[in-house]
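This note is intended to accompany a first reading of the structure. Please keep the sequence and the model in view while working through the points.

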Amino acid sequence: MVAQTRRELSALPAAAAPSAAARVRLATTESAPVRWVLIALGLGFILLVIVLPLVSVFLEALRGGIGAFLRAVTEDDTLSAIRLTLLVAAIAVPLNLVFGLAAAWAIAKFDFRGKSLLITLIDLPFSVSPVISGLIYVLLYGANGWFGPFLKEWDIKIIFNVTGLVLATVFVTFPFIARELIPLMQEQGRDEEEAAISLGANGWRTFLYVTLPNVAWGLLYGVLLCNARAMGEFGAVSVVSGHIRGLTNTMPLHVEILYNEYDFVGAFAVASLLALLAIVTLVAKSLLEWRYGDRLAAGRRH
Amino acid sequence: MTITVDGISKSFNDFQALKGVELAAARGEFIALLGPSGSGKTTLLRILAGLEFADSGRLLFDGRDVAAQGAGERNVGFVFQHYALFKHMTVAENVSFGLRVKPRAQRPAKAEIDRQVNELLRLVQLDRLGGRYPSQLSGGQRQRVALARALAIQPAVLLLDEPFGALDAKVRKELRRWLRRLHDDMQLTSIFVTHDQEEALELADRIAVMREGRIEQIGTPAEIYHRPATAFVYEFLGNANRLRCRIDRGRAVVAGLELPAPEYPDLHDAAGTAFVRPHDLVIADARQSGLEARVRQVFLAGPAIRVELALLTTGDMLEAEVPHGSDLGSLIVPDKLVTLQPTKIRAFPDAA
């Protein structure tokens with residue numbers, strides 16, 4: 001559509017005045033030198049800030065050869081860090097899927113008092129530093145925290161334990177799915193739900209057959225983002241973890257430990273795994289968009 | 001099914017959308033709720049459907065109070081203004097939705113659902129498009145899918161919110177006639193909301209003209225058009241010229257011209273407004289008696305010639321219609337002085 005318009009626009013003056021001096025370009029286009037400078041600036045920035053660091057992670061990881069890389073990633077503590085990271089994400093992401101969906105549904109489809117307060121609360125983890133999020137949990141559930149004595153009495157360990165890691169991760173990644181769904185659901189309005197209800201569907205069927213399919217793509221995108229963040233979270237997790245090797249060490253924390261011990265190959269090897277996870281996530285998203293883009297567009301257009 | 005609306009009121013926060021509405025629809029009737037935006041017509045329709053609930057008043061279907069019933073239990077077909085088709089479902093899936101979500105005990109077998117869907121698609125002339133998605137259809141086709149979907153649950157009442165609002169003029173006219181036939185064939189009781197007076201006049205058995213949360217007048221199209229009860233109804237039902245007048249013992253005096261106003265035999269020299277439709281305004285040459293006016297503009301295109309005139313006494317702009325081929329050619333040129341004779345007026349005294 002855009003391409004077509006551009007062609008038509010540029011064809012017009014040429015047809016009207018076929019002189020060589022005719023300005024054949026859009027009103028919104030800059031002159032060639034300006035364009036090249038701006039493009040070079042943009043590309044240079046991306047190269048310096050995003051591409052180079054990413055490449056260097058993989059180069060550093062493979063500096064000692066493929067053998068050293070494999071030894072580093074199959075080390076016991078590293079394997080346990082990988083398992084723990086996957087476990088935390090496997091608990092935190094489904095929880096936030098349910099919370100996020102429920103919150104977005106309530107906010108977008110119903111009117112109630114305190115709605116804007118709820119939206120602000122959902123955004124809170126975005127605006128609070130992750131370190132503070134972690135500290136809050138220590139203050140609440142730590143040995144000297146508010147619930148400390150109570151938890152000790154019942155022998156429940158939250159801080160320096162997997163529970164704490166999951167709680168901190170849920171908190172930090174809470175906004176991702178809700179934030180993705182709220183504008184989408186608000187834009188879609190309530191018409192289709194009302195139609196389903198007037199046709200005799202109950203609330204659950206309406207949600208399952210109408211609301212959910214309409215936001216499926218936004219939901220998937222939110223889950224991917226949430227997952228990427230859950231695996232990569234450092235600050236909040238660092239505070240509640242206690243860095244117990246083989247027990248409460250997630251991949252990002254393990255990277256730091258290895259780095260501080262001057263095990264650069266090990267640190268970068270684990271880091272490269274994390275980066276790889278991120279890349280896989282993005283590729284998966286792009287593939288899905290490319291494969292089902294038509295249906296996505298068809299769903300949005302109507 | 002008969003529908004009785006008995007003193008229904010509804011407020012949204014501080015805004016009172018409906019103020020004690022009374023309405024009764026007989027079995028098989030086709031009723032239009034006509035009014036400007038904000039008059040409460042859509043709110044009333046949504047209350048009938050069970051998508052909104054009244055603050056006070058009673059709502060009876062066949063004499064049964066349904067106020068406590070939800071939308072799904074009322075067996076009402078609702079066609080939304082923007083159709084609200086399920087965009088991730090095909091046309092056939094949209095139409096079958098109401099059957100598929102029935103409780104297991106009442107749900108027809110799959111083959112039976114397919115048969116009914118095909119029948120409905122044939123009814124709305126979309127039999128070959130069952131596999132398409134809504135985004136692949138034209139506006140008129142979507143409208144018919146919405147209708148087929150609403151009819152699938154075999155409702156006794158069909159409610160339509162601005163059913164033709166989003167369609168272009170030609171499609172609108174065709175669909176209008178088709179909908180009227182469908183209503184008659186299926187013996188439905190239908191109520192539709194519109195702000196288009198032409199649509200209401202052509203389609204409905206009776207029209208309820210709404211204004212600011214109340215029904216201003218209800219009657220057949222002919223009654224509403226020829227005997228409007230208030231100035232608001234008169235103005236809403238077609239082009240109208242307004243003239244200030246004095247109403248005195250069955251006569252309305254407009255700029256010295258006396259015209260009959262038999263509705264008010266007992267009023268004495270009351271201020272009011274007289275309305276004249278453009279086609280009830282006869283143009284004559286300046287020597288005749290009547291309202292003196294100067295021709296401003298003449299529009300020759302359209303079913304009749306439209307003439308814009310300014311009254312000499314007040315400067316008010318009036319509009320008159322002259323059939324094509326009349327012998328007034330020499331009079332209807334800009335800047336010409338003419339006289340106007342209203343053949344039919346309707347005067348309303350100012351509200352006290």
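1. In what order do the elements of chain A run from the N terminus on? The model, which is predicted, gives the order α-α-α-α-α-α-α-α-α-α-α-α-α for chain A. In total, the secondary structure of this chain consists of 13 helices and zero strands.

2. The next point concerns burial and contacts. Chain A has 302 residues, of which 33% are buried. If one takes the contacts in chain A between residues at least 6 apart in sequence, 71% of them join residues at least 24 apart.

3. Attention then turns to the two chains. Contact between them involves 19 residues of chain A and 21 residues of chain B. On the side of chain A that touches chain B, at least two residues come from each of α9 (191-198), α10 (203-232) and α13 (264-301) of chain A. The largest share is that of α9(A), with seven residues.

4. What classes of residue make up the side of chain A that touches chain B? Eight of its residues are nonpolar, six are polar and five are charged.

5. Where does α10(A) bend? The bend lies at A:Ala216 and is about 60 degrees. The student may wish to locate this residue in the model, bearing in mind that α10 of chain A also supplies at least two residues to the side that touches chain B.

Definitions and conventions
Residues are numbered from 1 along each chain as its sequence is written. Chains are lettered from A and ligands numbered from 1 in the order in which they are written. This is a predicted model: local features need pLDDT of at least 70, side-chain atom pairs count only at pLDDT 80 or more; totals for chains, interfaces and linings use all residues. Helices (H or I, at least four residues) and strands (E, at least two) are DSSP runs, numbered from the N terminus. A residue is buried if 20 or more other C-beta atoms lie within 10 Å of its own, exposed if 12 or fewer, and partly exposed in between; C-beta atoms are placed from the backbone. Two residues are in contact if their C-beta atoms, placed from the backbone, lie within 7 Å. Ala, Val, Leu, Ile, Met, Phe, Trp, Tyr, Cys and Pro count as nonpolar, Asp, Glu, Lys and Arg as charged, and the others, Gly among them, as polar. The bend at a residue is the angle between axes fitted to the seven residues ending there and the seven starting there.
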